[in-house]
Amino acid sequence: MHEGNSVFNKIKNIIRNIKGIVFTVAILVAVVFLFSFAVNGASQKADSSSTSTLEKAVRKAAVQCYAIEGFYPPDVDYLVDHYGIIIDKNKYAISYISFTANNMPDIQVKIAGSD
């Protein structure tokens with residue numbers, strides 16, 4: 001009877017250890033999930049901020065061009081060539097629609113591929 005009780009205790013200890021391992025793995029998975037969720041949120045916020053900053057810079061350069069040269073530039077390349085705007089075309093997609101030389105163009109900046 002003593003030997004049967006010992007086997008029962010060993011099985012009980014193994015089950016207790018398995019429960020502890022499962023609990024630890026579950027906690028680890030939850031921490032990894034929360035961490036990735038937080039990093040993704042921070043990344044999206046940084047992208048939003050950078051697109052807003054670039055859009056303001058393009059708009060400011062277009063207004064500066066109008067003030068200096070008397071017309072809004074026909075495209076973004078003009079601002080890159082003449083007003084020092086730097087654009088990472090792999091990261092940003094810029095919609096720059098110029099209707100006439102004396103009307104402010106419609107300017108929108110998005111992360112490339114984020115339609």
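Predicted model: local features only at pLDDT ≥ 70, side-chain atom pairs only at ≥ 80, totals over all residues.

Biologist: Why is Arg59 called partly exposed?

Modeller: Buried means under 20% and exposed means over 50%. Arg59 has 29%, so the label that applies is the one in between.

Biologist: What makes the contact of Glu55 and Arg59 a salt bridge?

Modeller: The rule asks for a side-chain nitrogen of Lys or Arg within 4 Å of a carboxyl oxygen of Asp or Glu. The N to O distance between the side chains of Glu55 and Arg59 is 3.0 Å, so the pair meets the 4 Å cut-off. Both residues lie in helix α1, four residues apart, about one turn of the helix. Glu55 is partly exposed as well, because its relative accessible area is 22%.

Biologist: How many salt bridges does this rule give?

Modeller: The count comes to two. Asp77 and Lys89 also meet through their side chains, at 3.3 Å, N to O. This pair links distant parts of the chain, 12 residues apart: Asp77 is in helix α2, and Lys89 is in the loop between α2 and β1.

Biologist: Why is Lys89 called exposed?

Modeller: Lys89 has a relative accessible area of 56%, and exposed means over 50%, so the label follows. Asp77, with 38%, is partly exposed.

Biologist: Is Ser50 buried or exposed?

Modeller: Ser50 is buried, because its relative accessible area is 18% and the cut-off is under 20%. Ser50 is placed in helix α1. Leaving out residues up to four places away in sequence, Ser50 touches Lys91 and Tyr92.

Biologist: Which residues have the most contacts inside the largest nonpolar core?

Modeller: They are Leu54, Val58, Ala62, Leu79, Tyr83, Ile85 and Tyr96, in a core of 16 residues. At least two residues of this core come from each of α1, α2, β1 and β2. The most come from α1, which gives five.

Note on methods. Residues numbered from 1 in each chain as written. Heavy atoms only, no water. Core = buried A, V, L, I, M, F, W, Y, C linked by side-chain atoms within 4.5 Å. Buried < 20%, exposed > 50% of the residue type's maximum accessible area, 1.4 Å probe, protein only. Contact = heavy atoms within 4.5 Å.
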